[in-house]
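Let us walk through this model together, one piece at a time. Please keep the sequence and the 3D view open as you read.

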Amino acid sequence: MKTIKVLPLAIMGVVVGIVISVLLVITRTLPVQASAESSDIDNLYIFFLGFSGIIFGIVVLFLLVSVYRFRARPNDEREGDNLHGITWLEVVWTVIPFVIVVLCAIGGLMVLRSGDVEAQARTSGQQIHVLGYQFGWKYGYLNQDINLKDQQTLVLPVNEPVIFELESQDVIHSFWVPAWRMQMNATPGQVNKVSTTPTKIGTYDIVCAYLCGVGHTGMNTSLPGSIIPKVRVVSKSDFDAWITQQKAEAAKAAESATAQTTTGSAG
Ligand SMILES: [Cu+2]
């Protein structure tokens, strides 16, 4: 009966898998890291990718070697050997994936807590209401003394925690800023919270990560034809100036609305 040497092949599979993972990490450039959480998320991604690469290497190597080694010669009509399980091998391929999945779950829980769970407890920082709609986002600045609602642009100060409260007025959207490695669903009838701390001044893409209708691609600022503005992270002083300007504009709009009503009722 033909056999293959399992251990050397498994070791080769591990080596091939590590090479594949390293190549993927080097060649697939991740977006710029622009939040306090992003390096942890990237490390988690590399950790998952490493395990996936190793398992891929082992499985594919065993597959290719088995196909070659146990192939039928021309005119060989005999039946193959009848095998009834190999207990130690079955234990190995159950225990190893179990340990890997548990490790990934622990890693994921530890990293994601910083963005999701801590958002519930956070009290300092900018509180932003994000309303998803077909097809765009509206932002409300909840901790400004007058509530700036329905802002079309998201402008935030650098190095200050932000708590997003996400809702949707129609279908499920998903608010994703790749540079912050932050994504959260905007669901009708429910408020989802997520927190991040932008650490780099700049302009970053916003992507809706759920297919939400015909205008869905318009909600991705990295694509040509996008109909929404990107998020802007600015210095604290620029942020304060922007808020003052928005408040002035809101006050002016309210004033002219009142004037119109007054004129309307007088006439
Ligand atoms: Cu959407």
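**A guided tour of the model**

Let us start with an open sheet of 3 strands, which has the order β4-β11-β9 and mixed pairing. Strands here are DSSP runs (E, at least two residues), helices are DSSP runs too (H or I, at least four), and both are numbered from the N terminus. Two strands pair if DSSP finds at least two bridges between them. The edges of this sheet are β4 (155-157) and β9 (202-204), each of which pairs on one side only. From one strand to the next, the twist averages 25°.

Before we go further, a word on what you are looking at. This is a predicted model, in which local features need pLDDT of at least 70 and side-chain atom pairs count only at pLDDT 80 or more, while totals for chains, interfaces and linings use all residues. Residues are numbered from 1 along each chain as its sequence is written.

Back to the sheet: β4 runs parallel to strand β11 (residues 231-234), and 3 bridges join them.

Strand β6 (residues 173-177) meets β10 over 2 bridges in the antiparallel sense. Here W176 stands opposite V207 in β10.

Now turn to strand β1 (residues 126-133), which has two partners to follow. Strand β5 (residues 162-168) runs parallel to β1 and is joined to it by 7 bridges. I128 stands opposite F164 in β5. Strand β2 (residues 136-141), in contrast, runs antiparallel to β1, with 6 bridges between them. V130 has Y139 in β2 as its bridge partner. What do β1 and β2 form together? They make a hairpin, with 2 residues between the strands. That loop between β1 and β2 is where you will find F135, and a cis peptide bond with omega of about 10° joins Q134 to F135.

Next come the helices. Helix α1 (residues 6-27) packs with helix α2 (residues 38-69) at an angle of about 135°, and their axes are 7 Å apart. These axes are lines fitted to C-alpha atoms, for helices over the stretch in contact, and the angles run from 0 to 180 degrees between N-to-C directions. That angle makes α1 oblique to α2 (under 35 degrees counts as roughly parallel, over 145 as roughly antiparallel, 65 to 115 as roughly perpendicular and the rest as oblique). The crossing of α1 and α2 is right-handed, a term used if the near helix is turned clockwise from the far one by less than a right angle, with anticlockwise giving left-handed.

Which residues meet where these helices pack? On the α1 side they include L9, M12, G13, V16, G17 and I20, and on the α2 side they include L49, G50, G53, I54, G57 and L61. Contact means that the C-beta atoms of two residues, placed from the backbone, lie within 7 Å. By class, the contact of α1 with α2 has 18 nonpolar, 6 polar and no charged residues (Ala, Val, Leu, Ile, Met, Phe, Trp, Tyr, Cys and Pro count as nonpolar, Asp, Glu, Lys and Arg as charged, and the others, Gly among them, as polar).

If you follow the chain into the loop between α2 and α3 (87-115), you will come to N75. This residue has a positive phi of about 70° although it is not a glycine.

Finally, step back to see the whole protein, which is divided into domain 1 (6-69 + 90-115) and domain 2 (124-256). Those bounds come from an automatic or database domain assignment. The centres of the two domains, taken over C-alpha atoms, are separated by 34 Å. Across their boundary, 10 residues of domain 1 are in contact with 14 residues of domain 2. On the side of domain 1 that touches domain 2, α2 supplies the largest share, 3 residues. By class, that side of domain 1 has 5 nonpolar, 3 polar and 2 charged residues.
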